[in-house]
Number of protein chains: 2
Amino acid sequence: MSWLGLPAEHPFGVDNLPYGVFSTGGGPRRVGVRVGEHVLDLAACAERAGMESAAVWRAGSLDAFLAEGARAWTAAREWLLEQLTSAAHRDAVEPYLVPLEQVAMHLPFSVADYVDFYASEHHASNVGRIFRPDGEPLPPSWRHLPVGYHGRAGTVVVSGTDVVRPVGQRRAPTETAPTLGPSTRLDLEAELGFVVGGGTELGRRVDLAEADDHLFGTVLLNDWSARDLQAWEYVPLGPFLGKSFATSISPWVVTTDALRAARVPLPRQHPAPLPYLRGEAAYGLEVHLEVECNGTVVSRPEYRDMYWSPVQMLTHLTVNGASLRPGDLFGSGTVSGPDPGSRGSLLELTWSGQEPLTLADGSTRTFLEDGDTVTLRATAPGPDGAVIGFGACTGTVRPAR
Amino acid sequence: MSWLGLPAEHPFGVDNLPYGVFSTGGGPRRVGVRVGEHVLDLAACAERAGMESAAVWRAGSLDAFLAEGARAWTAAREWLLEQLTSAAHRDAVEPYLVPLEQVAMHLPFSVADYVDFYASEHHASNVGRIFRPDGEPLPPSWRHLPVGYHGRAGTVVVSGTDVVRPVGQRRAPTETAPTLGPSTRLDLEAELGFVVGGGTELGRRVDLAEADDHLFGTVLLNDWSARDLQAWEYVPLGPFLGKSFATSISPWVVTTDALRAARVPLPRQHPAPLPYLRGEAAYGLEVHLEVECNGTVVSRPEYRDMYWSPVQMLTHLTVNGASLRPGDLFGSGTVSGPDPGSRGSLLELTWSGQEPLTLADGSTRTFLEDGDTVTLRATAPGPDGAVIGFGACTGTVRPAR
């Protein structure tokens, strides 16, 4: 129990302690930890306590902390828990708690490489049925490896950043030539994003058991997608401008330690994956997501329905010898479950625009309109009935320029 | 004429002046300019001359210089030319010339996002015929937009770095299930890489006329490719592990100014591209490439055969509002011409392994073997009969781990 007196079910209690980067009053960016309705100014608090390792938090990003690796992350968590639960530290720590309403949040780390996977069988099958109605819904390799591709790291933005409707080439089904214009099929994709720390050397593979040590934490991720641009461009080299205009992430990185109680077995993988992807170390996660459009919850995806484990994704990513850098980010791909109400994209929820959704104000949506605000939220089970909250991941669509 | 007394046809004469990052004797990395058989230590020389802007060169990378933008690049080039051609500067400059044999070269800049295009009609058609023999060789969008995808920025390495043969999943044509193992179809791809400077704001498009201001310079690029991994994984999200294990670039960035005399008209584009990709500002480049394997020249691709202009690629990359960062790198895609002797990959040169190449030592190759060294070289025409050289881009294949 914390001396902050937080209710046991508070989603940002001492079992969570997610990291982020904040500023107050237009001042410099600082690393913080969210506790209840406050942000702990980490460098200042640690310096006051005489911690040698405080230096890694002095920068305006998590970059240096991510580089340190799993042992440092665990040590920091233990130190934080001690500060926040032992009444003896209260007087020393309390001055460094900043009320949440006074802070602005920023991108928590410099995104090195951004990869997006495609790990939901339900999502991949739905997209296959919609985009390639005459073929098999799943590509032949889908059950053998976590399919993924690289996205644009430079356009990953923090929650709250407006998203300008992208312009691009698209070809209507009735036309022979493409035209240029604002996307008319702008979509969201509800995902988890995994934040990598601790770099590896080029040419070295990370095995399944080791993968967890490189997973610093998890964010909510909205992989905004322009379906019309994507459909026209994606053969044969994959999604490009249909995705690269913006990817939003929540400001708080929920640590791998905080999600330990949320681990669940994976759904059955059949056929069994090759040995490098198989083993006890692979786990699923119980995370309850909500997708909200203009205040109406339009979907409740469950992360436990995902076919591939985050550690399988990371292991696969390096099996060819590709190195990891601190700040690498990989998305899970859209989280969609078997039920229509658990689909993580409008493409699926409206079945490519054929079945519009009705929002609370009575308006209907096939795809996103200018002015629409999309918000992702999530919670996961913590230890002993605690709740682990994710920060919201929100963005408002602005008209094309 | 330079006081260095370089022969007029020297590929690194004063018409070239490419930038790189070097060190001597294991010391710190420094920004340098290649002149003849020397490297000019730029920060030291500029500081001695009292140049205010010397600070941007003091770092061990071109990053700060790339951020400055086109006006600063032109000013620096004018200053350099003055230093190297006016005899009055000789005594002041000469002490900062380091003989080439004393330097080690490093990655010249931090690669922000790496994109690879597919801009050769001959290459795209050949690959289409090989990978999709029953379909149209070119995808429907190919003549309407420069097809591209994001690659892994963190595995871009400087020339001279060994390339470890990647391990990955591949499925033999006669098998139903994939196996894991070292790639048996390891290939090279001869490309030009374009180095972006001067960032842009998210949501803003760069038009064709402006694109050139963001092109700092050009390198040779080998987009190493594991064809067996690629064939198994690339549907539907594009190349991933088949490419992400390594991409080599030459150490010297040849500036856009140095390649001005190499501009040539593009091949005819039919159908005419949409207006945002059309205009006087689009140009081709006359660059003569050579692909060497273990000392035998196996191909002589001509860059002027490329369908899409570098400025069209950059403009397209931002049409959806994606921002540019200094250090973004985009590859042209494999440079292949209409003749078999001008194809830029072994996939095409051996027609997917069916027609082995014979090297000077009498051995044959379908794909690359352990120990093979691949070297790309290139020259372009400079002003008044001068020759603009690129640094070699070389790498040796090491056995899988």
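Let me start with a question: which elements of chain B do the buried residues of α5(B) pack against? They pack against α7, residues 227-233, and α9, residues 346-349, both of chain B. Please bear in mind throughout that this is a predicted model.

Helix α5 of chain B covers residues 121-131, and eight of its 11 residues are buried, so the helix is largely enclosed by the rest of the structure. The buried residues are His123(B), Ala124(B), Ser125(B), Asn126(B), Val127(B), Gly128(B), Ile130(B) and Phe131(B). At the start of α5(B), a side-chain oxygen of Ser120(B) comes to within 3.3 Å of the backbone nitrogen of His122(B).

I turn now to chain A and to an annotation. An unreviewed UniProt entry lists Asp116(A), Glu189(A), Glu191(A) and Asp223(A) under "binding site". These residues are spread over 108 residues of sequence, yet they cluster in space, with a largest C-alpha distance of 11.2 Å.

Consider two of them in detail. Glu189(A) lies in the loop between β12, residues 186-187, and β13, residues 190-196. Is Glu189(A) buried or exposed? Its relative accessible area is 3%, which is under the 20% cut-off, and therefore Glu189(A) is classed as buried. Leaving aside neighbours within four places in sequence, its contacts include two other residues of the annotated set, Asp116(A) and Asp223(A). Also among its contacts are His123(A), Lys243(A) and Thr334(A). With Arg227(A), the side chain of Glu189(A) makes a side-chain polar contact at 2.8 Å.

Glu191(A), by comparison, is placed in strand β13 of chain A. Its relative accessibility is 0%, so Glu191(A) counts as buried. Not counting residues up to four places away in sequence, Glu191(A) touches Asp116(A) and Asp223(A), among others. Its other contacts include Val219(A), Leu289(A), Gly331(A) and Val335(A).

Finally, a word on the cysteines. How many disulfides are there over all chains? The count comes to zero. Cys293(B) illustrates this: the nearest cysteine sulfur belongs to Cys393(B) and is 14 Å away, whereas a disulfide would require the two sulfur atoms to be within 2.5 Å, so Cys293(B) is in no disulfide. Cys293(B) is also buried, with a relative accessible area of 4%. In chain A, Cys45(A) is buried as well, at 2% relative accessibility.

Thank you for your attention.

Technical notes. Residues are numbered from 1 along each chain as its sequence is written. Chains are lettered from A and ligands numbered from 1 in the order in which they are written. This is a predicted model: local features need pLDDT of at least 70, side-chain atom pairs count only at pLDDT 80 or more; totals for chains, interfaces and linings use all residues. Side-chain values use heavy atoms; hydrogens and water are left out. UniProt positions are given in the numbering used here, feature names are shortened, and annotations may be inferred rather than shown by experiment. Helices (H or I, at least four residues) and strands (E, at least two) are DSSP runs, numbered from the N terminus. Buried means under 20% relative accessible area, exposed over 50%, partly exposed in between (1.4 Å probe, protein chains only). Contact means heavy atoms within 4.5 Å. A polar contact is a pair of N or O atoms within 3.5 Å; within protein, one must be able to donate a hydrogen and the other to accept it, and residues adjacent in sequence count only if both atoms are side-chain atoms.
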